[in-house]
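The sequence and the model are shown first.

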Amino acid sequence: MIIVSARTGSLTASGALWINQRVILPGRLAMIERVVSPAYWVLTKAARRLLAVIETEIGSGTSVALSYDTFRLDHRFGRQTLSPSLTLLDRLGLIDIAVGPRFVNVFSLSDRWRSVNEDEALRLTAQARELKPPRTAREPKPQRPAAAKAPKPVKVEALRKQRQEPSLPPMPWRCDSR
């Protein structure tokens, strides 16, 4: 919650906030509260940029469906920063991620960040950055010894000489003097 003093600004009857001769509409008030929250302050630069992209894509709607390729190609996010940033934003409660159709995730802004204090924000950040143990490969199935098969007998026949006859009659211009 933002406390507005007489020096910095005042609230109007419509709920808009005046700060330094600028009007901030009620929808933007939540964004200002989010920026000063402990959950926002522990974000990395890439995570802040990713949150700004999601906010921009949502616009005045409630959610947006985006694929990883959209982030990588349209907004120039590398694959090594995209997944950790999404994990961090989700853990801190700034966004909600739902699985959408055909390799698309549905992102929506969340209000879970309001309940996150400084200590919990640091704990959640460390938890999100924690490396997962690598996947272990399954034990290979024991191979059965292959039964030795006897080789098939090979028929050896003497090659017959066949007389090669041309399939076409000889042409008059062809010279047989070779």
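Ser-85 is located in helix H5. In this predicted model, Ser-85 has a relative accessible area of 4% and therefore counts as buried, the cut-off being under 20%. The side chain of Ser-85 reaches the backbone oxygen of Thr-81 at a distance of 2.7 Å.

When residues up to four places away in sequence are not counted, Ser-85 touches Thr-44, Ala-46, Ala-47 and Leu-50.

## The crossing of H3 and H5

Ser-85 also takes part in the contact between H3 and H5. The axes of these helices come within 9 Å and cross at roughly 75 degrees. H3 is therefore roughly perpendicular to H5, since angles of 65 to 115 degrees are classed in this way. From H3, the contact is made by Ala-46, Ala-47, Leu-50, Leu-51 and Ile-54. From H5, Thr-81, Leu-82, Ser-85, Leu-86, Leu-88 and Leu-89 make the contact.

## The largest nonpolar core

In soluble globular proteins, nonpolar side chains tend to be buried together. The largest nonpolar core of this model holds 27 residues. Those that touch the most other members are Leu-43, Leu-50, Ile-54, Phe-71, Leu-89, Leu-92 and Phe-107. At least two residues of this core are supplied by each of helix H2 (38-41), helix H3 (45-58), strand E4 (63-66), helix H5 (79-91) and helix H6 (118-129). The largest share, 6 residues, comes from H3.

## Ala-128 in helix H6

Ala-128 lies in helix H6. Its relative accessibility is 15%, so Ala-128 counts as buried. Leaving aside neighbours within four places in sequence, Ala-128 is in contact with Thr-87, Leu-88 and Arg-91. Ala-128 and Thr-87 are 41 residues apart along the chain, yet their C-alpha atoms are separated by 6.3 Å.

## Overall organisation

The chain has 6 helices and 6 strands. Read along the sequence, these elements follow the pattern β-β-β-α-α-α-β-α-α-β-β-α. Among contacts between residues at least 6 apart in sequence, 54% join residues at least 24 apart.

The chain comprises 178 residues, of which 25% count as buried. Its accessible surface comes to about 15300 Å², and 55% of this area belongs to carbon and sulfur atoms.

## Loop residues with positive phi

Arg-76 is not a glycine, although its phi is positive at about 60 degrees. Arg-76 is placed in the loop between helix H4 (68-74) and H5. Is Arg-76 buried or exposed? With a relative accessibility of 67%, Arg-76 counts as exposed, the cut-off being over 50%.

Arg-102, likewise a residue other than glycine, has a positive phi near 55 degrees. Arg-102 lies in the loop between strand E5 (95-99) and strand E6 (105-109). The relative accessible area of Arg-102 is 75%, so Arg-102 is exposed.

How values were computed:
Residues numbered from 1 in each chain as written. Predicted model: local features only at pLDDT ≥ 70, side-chain atom pairs only at ≥ 80, totals over all residues. Heavy atoms only, no water. Core = buried A, V, L, I, M, F, W, Y, C linked by side-chain atoms within 4.5 Å. Buried < 20%, exposed > 50% of the residue type's maximum accessible area, 1.4 Å probe, protein only. Helix = DSSP H or I, 4+ residues; strand = E, 2+ residues; numbered from the N terminus. Polar contact = N/O pair within 3.5 Å; in protein donor to acceptor, adjacent residues only side chain to side chain. Contact = heavy atoms within 4.5 Å. Areas by Shrake-Rupley, 256 points an atom, 1.4 Å probe, with all protein chains shown as cover. Axes fitted to C-alpha atoms, helices over the stretch in contact; angles between N-to-C directions. Parallel < 35°, antiparallel > 145°, perpendicular 65-115°, else oblique.
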